[in-house]
Amino acid sequence: MTEKETGRPAGTDAGTPWLNDDERAAWLANSALMISLPAALDARMQRESQLTFFEYVVLSVLSEEPERMMQMSRLAERTAASLSRLSHVVGRLERRGLLARARIPGPGRATNAILTEAGYEVVVAAAPGHVAAVREYLIDQLEPHELTALTRIGTAVEAAVNRPSATSAP
């Protein structure tokens, strides 16, 4: 039988629940969104604000905190980044004077990331361009009912990604 007849690639495991045509189309459209939207936002942010999209996200998250400060491990969770990636980006932002790091007193190696006044000014200046890009690339392309569906989909996917799985290490 051919791939077209079975709905699965030739020579593959018959026990795999392969995607049907509608599921595959949805997956491919979503894959394009996951790849192209961050890349477009990144290019635009760098061109307009000299920040990467991820740098903007880090600064933005901190700017919304009452003291503009957050423990690095929590910031990594909020930005969906590994501590290693976050540490590298925070170091780069620190060298630019946009962030500072301060060790949290006590046992362990906990550290806070602190948004400096210069960092706050940069993120405030970058925010209108970021919002314009989000509107242009995503929000204005959708009908109100599609925004509701996108919110539900994003929430469900995030919950699934963050749910411990049976194959996760303890």
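A residue counts as buried at under 20% relative accessible area, exposed at over 50%, and partly exposed in between (1.4 Å probe, protein chains only). R44 is buried because its relative accessible area is 12%. This is a predicted model, in which local features need pLDDT of at least 70, side-chain atom pairs count only at pLDDT 80 or more, and totals for chains, interfaces and linings use all residues. Residues are numbered from 1 along each chain as its sequence is written, and side-chain values use heavy atoms, with hydrogens and water left out.

**Helix 2**
- Helices here are DSSP runs (H or I, at least four residues), numbered from the N terminus.
- Helix 2 covers residues 21-49, and its 29 residues reach 41 Å from first C-alpha to last, close to the expected 42 Å (1.5 Å times one less than the number of residues).
- At the N-terminal end, N20 caps helix 2 with a side-chain oxygen 3.0 Å from the backbone nitrogen of D22.
- Just after helix 2, Q50 has a positive phi of about 55°.

**Buried residues of helix 2**
- S31, L37, L41, R44, M45 and S49 are buried.
- The buried residues of helix 2 pack against helix 3 (53-63) and helix 6 (117-137), where contact means heavy atoms within 4.5 Å.
- Leaving aside neighbours within four places in sequence, R44 is in contact with residues including S49, G129 and Y137.

**V58 in helix 3**
- V58 lies in helix 3 and counts as buried because its relative accessibility is 0%.
- Not counting residues up to four places away in sequence, V58 touches L75, T79, L86, L93 and L99.
- V58 and V89 are 31 residues apart in sequence and 8.7 Å apart in space, C-alpha to C-alpha.

Terms used
Helices (H or I, at least four residues) and strands (E, at least two) are DSSP runs, numbered from the N terminus. A polar contact is a pair of N or O atoms within 3.5 Å; within protein, one must be able to donate a hydrogen and the other to accept it, and residues adjacent in sequence count only if both atoms are side-chain atoms.
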